[in-house]
Amino acid sequence: MPALLPGLGFLLLLGWQGAAAGTQLCSSSPANDSAVCASVQSTVASSLLRNVEDLSPAELAALGQAALGLSVSQIQSSIPEESLAAALPALASVRGWSPEQSRAIVNKLLSSGYQLVDGQSLAELGTLVAGLNCSTLRRVAPEAVLEAIQLPAFAQHIDPLPPALKTILVEKVSSRVGRPSELVRLIPSALASHIPKALLVFGEEKPNLQDLNSKPWSREQAAMFFADVVKAEPDFSRLSQSVLQGFTCAAASAVGAERFQELAKEMRKKNVRLGQEQLSCLLRMVTLHGIPQDWDDYPQELLLFLSPSQYPGSCRQFFTRLGKAEPELLPRAAPRRHRLLLEALQCLKVPGTQIKEEDAEVLGWLVCELGGQHIRSSGGSLLRALSRCGSFLPEQGEAIRDILSSGNTTFGPPAAWSAFTLSELSGLIPVLDHSILQHIPKKALTTWLRNFSRDSPVSREELGTIIRELLPRRHKRENGCPADKEITEKVLDDDLMPTFYTPEELRACLRNASLESHFSKIFSYPFSIPQLQVLKDYLDQTYPEGYPEILLPNLGDLLDLVTPENISSWRLNSADALAAFLSNEKLSNAQALAAIKRYLELGNALNATALNALGTRFLCQLNATDLQTIDPQSLRLVSLNPSACSQETKNILYPKAKKAFSDQQHSPAYYELILPYLEGAPGADLKALSRDNVNMNVSTFVTLRRDALMLLTPREVQGLLGLNLPELAQWQFRAPVQDWIRLQKQSELDKLEIGLTGGTQEGYINLVTPKFPAPSSAPVGTVAMALHLLPALLLSVLMLSSLS
């Protein structure tokens, strides 16, 4: 080994030992949380490397995992470009680089002449590949990407990549691979979920089950090939969980009624998660000849749509199983949730409002439906069950606070709580207010924040409330940063940083600090609102033309302070930057609209990347002019759902989608591709679709364009709904089905044999009274013309009646 800097030999030994110890710790951890492990390794290594400069290639290579301690400023200014390039094989094997570190290394490599000319040069980046920005990766030749994904040295590092980079990799590969079977075979599992649905239509090509089973598909993707698979595969046990979740009612004819029970049982064995419409269809087919006696062999979620009286076992058994089902399939405000709770309380013979702990176990998630009176009467016996609810109504939160404040629980009074107590109650922390938090020992709160908050469901906003409790109530004003409060690398690496500074201290100490190297960490810390305002002021002053792209997807609670006016001055010059910003979960519609408007003002196009960024959530923010600029081919590469948009938006997008998927128009998968856009389809297209045995859900049928729906005959409606036709009877007294029924002959409705009434009797016609404008809202001439034409209209009606 070459001569090392003073003390570096010992440091390197610590680096080697630390890497080995860290690896052992991570592999033995039950959670196997690599992010936490990397954070610990980075913090230790950072303190060791803080003052080291001018590392040689050999020294860089010898660091091992201790290289995580290199700061961005060290990488940018203290390490020669040639040293980074020479040490690349070693640096590319280090796990846990922060986004800022990997981007700094890759940018320095590229500026020094490193070229991404083939798959090998991409693979040589190893764990540093996440440091590529989107614009750089877009310039890489598709052949190079195709070669790289087939190299284990590259494929094993794809999983942690940002979604935007994964999407670009898939676009590059798909541009050079023509057949779906070849695409599925070549694409690594880490990229499978980013393949556009339209590229998974096999048509006449037979899918390879082994390749499909080996990939993790989304529900929408699997729906593209589910019918093809079940037609070709007689043994459902050979289908993976990922493939089985693609079940659709449209593919029901490919299964066959006699095999539905077999299919459902296989879904239960493999714990397949289905959506509400999938379950509704599956239940109808499973119970076609009555309720099976072996009901426990079927998916638990089917019970959400079954009555306890229909269950072959006892009602207690019914609710015990129901309590383990996924409640998200029923919205919180759904009447069925409340009805199930009432039936459960009746089944358990609960005399009043007090719930025993053993009954709470049977109720499962139904405990979350209990009102404040039940919670108060039951005391502390429900707290553990309630901690799994996730959210609470105001009266529930008030009841929980009253119980915890009383101290009459197994947890004792708040003043006696420890960090472990808070860990047990973590699901209830969101309802704690100042009256409770002020009594919890500060040490308990601090220890909980450091050791347990990562595994807690508590949001960063709620953590900020706790931080406010830990800050001193009064403090003297300082003109500058206190000597013991300097913001160092060590401070920035500590997720308890918010507890170290009052807002005034933070403002003063930020004047001489740089956060650029720590964006991915610091904005995940639970700052209070006043502290966040200080951070925002710092960003606005440092980056007046817009925040760095690396920060845009991780703004978190800072978004609450970002105004549309702020966004309107940003330089959102790429679809990737727009996508990064729109990926924030807490983004408001006003903020999104400001970002989209700014992006378009700068002359950028609504390409596939931009449309993917908009997604279902923000698509409706586009106006008609913007929508008209969308290239239909871009719709092939995205998954959009305009159902929540205006009818004008749906009408504009439908013909574009029809053109985009026109090459699949005679494929069974066409229905799944066009389904999100059908609410903008004209009557002629619905009539054509009725001949394709699509088994449309009634929930989709009732959202179709009203004018298009009214043009359909009973036979065409039957063709559209197929297996779901009986459900139409439940809608016969509600719009728009009631309006459609009135336009049909009752004799034609009777042929459907589902009990629809209200159609036109033989010898009669429905006379729809013309709706003329009120005199106050229409010109006098218009009303006069309408009255003038009324006798002729009535005469025509009488003549038609006599002729019939």
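Predicted model: local features only at pLDDT ≥ 70, side-chain atom pairs only at ≥ 80, totals over all residues.
C481 and C509 are joined by a disulfide, with the two sulfurs 2.0 Å apart. The torsion about that S-S bond is 90°, making the link right-handed. C481 sits in the loop between α30 (460-470) and α31 (489-492) while C509 belongs to helix α32 (residues 503-510), so the bond ties together parts 28 residues apart in sequence.

How many disulfides turn up in a search of the whole structure? Five. Take C620 and C645 next, again with an S to S distance of 2.0 Å. This link is left-handed, at -85° about the S-S bond. Its ends lie in loops 25 residues apart: C620 between α38 and α39 (624-628), C645 between α40 (632-635) and α41 (647-660). C620 is partly exposed at 29%, and C645 is buried at 8%.

Then there's the C368 and C389 pair, whose sulfur atoms are 2.0 Å apart. Here the torsion is about -95°, so this disulfide is left-handed. It links distant parts of the chain, with C368 in the loop between α23 (357-363) and α24 (372-378), and C389 in the loop between α25 (383-386) and α26 (394-406). Both C368 and C389 are buried.

Now for the inside of the fold. In soluble globular proteins, nonpolar side chains tend to be buried together. The largest nonpolar core in this model has 251 residues, and L582 and F701 touch the most other members. Leaving aside residues up to four places away in sequence, F701 touches M696, L709, L712, V717, L720, L721, L728 and V737.

L582 brings us to helix α36 (residues 575-582). Is this helix enclosed or open? Eight of its eight residues are buried, so α36 is largely enclosed by the rest of the structure. Among those buried residues are D576, F581 and L582 itself. The cover over them includes α9, α35 (564-567), α37 (589-601) and α38 (608-618).

One of those covering helices, α9 (residues 134-138), holds L137. L137 has a relative accessible area of 3%, which falls under the 20% cut-off, so this leucine counts as buried. Beyond residues up to four places away in sequence, L137 touches L132, L165, I168, L169 and K172.

Notes
Residues numbered from 1 in each chain as written. Heavy atoms only, no water. Core = buried A, V, L, I, M, F, W, Y, C linked by side-chain atoms within 4.5 Å. Buried < 20%, exposed > 50% of the residue type's maximum accessible area, 1.4 Å probe, protein only. Contact = heavy atoms within 4.5 Å. Helix = DSSP H or I, 4+ residues; strand = E, 2+ residues; numbered from the N terminus. Disulfide = S-S within 2.5 Å.
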